[in-house]
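Open your viewer and get ready to select a few stretches in turn. Here is a short tour, stop by stop.

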Protein chains: 2
Amino acid sequence: MAERSLEGLIDALRRLPGVGQKSAQRMAYHLLQHDRDGAQRLAQALQTATLAVQHCQRCHTFTEEALCATCSDAQRDARQLLVVESPADQAAVERSGSYRGLYFVLMGRLSPLDGIGLADIGVHPLLERAADGVVQEVILATGFSAEGEATAHVLAQALRSLPGPGGAPLTVTRLARGVPVGSELEYVDLSTLAHALSDRR
Amino acid sequence: MAERSLEGLIDALRRLPGVGQKSAQRMAYHLLQHDRDGAQRLAQALQTATLAVQHCQRCHTFTEEALCATCSDAQRDARQLLVVESPADQAAVERSGSYRGLYFVLMGRLSPLDGIGLADIGVHPLLERAADGVVQEVILATGFSAEGEATAHVLAQALRSLPGPGGAPLTVTRLARGVPVGSELEYVDLSTLAHALSDRR
């Protein structure tokens, strides 16, 4: 098994997130044994994507143009800016069909244990973006994990010091915490229930 | 998120074994956000390996030459042929340092539920290989899972009908089942213990 190109493939697959030595080996054997066509397609897709995909100049998400489709859409309400951790989160909000404003995609969240600080997520571009004189409200929609909450906290502090249109301060809001639709109360965790109670309306 | 090259990359990653939609998305975002160099290296490794890696003409394992390093080694005992499911299994036997014969790598095992039958694993090449007039003993070292046992059973039947050197029948053996080295008897499963008892020596 001292085949250099096979070892090279296994090493390259190991760099994928969540893939260890055993999985990488299994993937390499599978591709070479059963799916060489899939291997070629993956190679091509990797090259095409790394060349074509860049960050949207306004919202920082992945796009093949200077501006993504959402930021280029004149029908969206430019006074609202919703901040998410990833393009997947943005897609989830879009699927809800209940938001017509614009987005800012952090492409990460604070995670001091992994060495991911303010500079590694798009905080400075976000502050610049939010101070464009049109945005009135920034909606923080980072996750409700510990890291997502910390990120929202830090961003809220930085954003509240920014001036909005006409010099009035920016409104900074956070997605509501509460009982998920369809849940029975007895199965909702205590912390969620406590938040739902204190945030009642 | 209607970026065609990003969607194409996610689709191509989904063809890897064990990778679903969510993992493929996470891998694609990771590569584009944090490791474009890794993406380029993976594309290169896939192309190099699919071009360079072929099957050894004698033992069917992956190799970059017509014959793999083991089959080309004149020091190995050509009278013994050990049959394994995969190159990873072959590497495990090599690491044990207790085998000096040659190998045959099936590149799979019978799995009727997945539609993998005799023709899909290298049975016919194995029968040809074992009837070369030099091989005296075939050691079946497929796994001890249900599929591995079934594969060993079917192969044993086919191999026992083959003539060995000088017309004598081939000796067909199976790896011993028994108590793993270092185990306490009370923690060994009952079926293993029963086998260890009936195969006592």
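A polar contact here is a pair of N or O atoms within 3.5 Å; within protein, one must be able to donate a hydrogen and the other to accept it, and residues adjacent in sequence count only if both atoms are side-chain atoms. This is a predicted model, where local features need pLDDT of at least 70, side-chain atom pairs count only at pLDDT 80 or more, and totals for chains, interfaces and linings use all residues. Residues are numbered from 1 along each chain as written, chains are lettered from A in the order written, and side-chain values use heavy atoms, without hydrogens or water.

Start by showing both chains: 14 residue pairs, both at pLDDT 80 or more, are in polar contact between chain B and chain A. Next, colour α3(B), residues 36-52; this helix (a DSSP run of H or I, at least four residues) gives the most to the side of chain B that touches chain A, with 16 residues.

Now select Asp37(A) and Arg15(B). They form a salt bridge, with the closest N and O atoms 3.8 Å apart; the term means a side-chain nitrogen of Lys or Arg within 4 Å of a carboxyl oxygen of Asp or Glu. Four such bridges are counted between the two chains.

Finally, move to chain A and select residues 56-71, which UniProt annotates, in an unreviewed entry, as "zinc finger region: C4-type"; such annotations may be inferred rather than shown by experiment. The end C-alpha atoms of residues 56-71 are 8 Å apart. Then select residues 79-180 of chain A, where the UniProt record, also unreviewed, places "domain: Toprim"; the end C-alpha atoms of this stretch are 28 Å apart.

Methods. Helices (H or I, at least four residues) and strands (E, at least two) are DSSP runs, numbered from the N terminus.
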